[in-house]
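Dear colleague,

I am handing over the structure we spoke about, and below it you will find a short account of what came out of it. Please look through the structure first and then read on.

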Amino acid sequence: MSRTADNHRERLGFRDGDKGTHSSRTLMLTELEQVLAATPPEASVADFRRVVVENNVLGKRTATTREHTVRKLKALYGLDPTIPVYRVMRRIWTDDAEGRPLLALLCAVARDPLLRASVDVVLDAPLGSEVTLAKLAETVRPSFSASTRDAIVSHLVSTWVMAGFLMGTTRKIRTSAHATPGTAAYALALGFMEGGRGSLLLSTSWSRLLDRSPDEVLALVQQAARYGWIEYRQAGDIMDIRVDGLFTETERAWCDGQPG
């Protein structure tokens, strides 16, 4: 990947590298729901810090814990309307309460390499089969200490349970996540940010995270178009899918690999 491409990914909100929030945290879904409920869509990082640290919307005992929590939420989700990966998710979040666990997961996968590395292990597991800790541990780099590897695996398991892909107390069993039109629109947007266009958006790694058959994904996309999140047209065998309206002109240039 070129340095220019790296810059565009960073501007759009993707995070790459060897480290990730799941070394010390899970999906933090409850915390995310609470802070988004307490802030408007245009809230800045400073606004989030105020509601978490000063107003203590999360009910944390100490200022140090509050500061640490808001830093982890920012690392995992961005919490900045100038970051497209976060802003598009937030735009859909308000109107798609049912899809919030999967919306959060999609955003977290874009921003946490540790979580991203575990995707195939979970999605490749047949429904009803067990996803073992050992299998998830194989996705973690051996350079981490044993205690850190164990912590990462524990956090990964919790996240996949929160997102609806695993269930069970002792044995973690693969189940089907709950996809919605909003999560479909967001998955297409993430694919668009990585260069997907038109009907190819239906077969990206992001659309795969919807955990649905191709026909079911297409049906969700059609519903998303009716809600106005995206555009969908089909004439015979020609399918036209557009998500441009979710982005500014500058952001679309970044998605196209241009300076903007």
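**What was found**

The mean position of the 33 positive charges of the protein chain lies 6 Å from that of the 31 negative charges. Please keep in mind as you read that this is a predicted model.

As for the overall build, the protein chain holds 14 helices and four strands. Its radius of gyration is 18 Å, close to the 18 Å that the globule rule gives for 260 residues, so the chain is as compact as a globular protein of that length. Taken along the principal axes, the box filled by the C-alpha atoms is roughly 55 × 45 × 40 Å.

Turning to the inside and the surface, 48% of the 260 residues count as buried, while the accessible surface of the chain comes to about 12200 Å², with 50% of it belonging to carbon and sulfur atoms.

Finally, how many disulfides does a search of the whole structure find? The search finds zero. Cys107 is in no disulfide, and the nearest cysteine sulfur, that of Cys255, is 14 Å away. A disulfide needs the two sulfur atoms within 2.5 Å, so the sulfur of Cys255, at 14 Å from that of Cys107, is too far for a bond. Both cysteines count as buried, Cys107 at 0% relative accessibility and Cys255 at 6%.

Definitions and conventions. Residues numbered from 1 in each chain as written. Predicted model: local features only at pLDDT ≥ 70, side-chain atom pairs only at ≥ 80, totals over all residues. Heavy atoms only, no water. Helix = DSSP H or I, 4+ residues; strand = E, 2+ residues; numbered from the N terminus. Rg over C-alpha atoms; globule rule 2.2 N^0.38 Å. Buried < 20%, exposed > 50% of the residue type's maximum accessible area, 1.4 Å probe, protein only. Areas by Shrake-Rupley, 256 points an atom, 1.4 Å probe, with all protein chains shown as cover. Lys, Arg positive; Asp, Glu negative; His and termini not counted. Charge placed at Lys NZ, Arg CZ, Asp CG, Glu CD.
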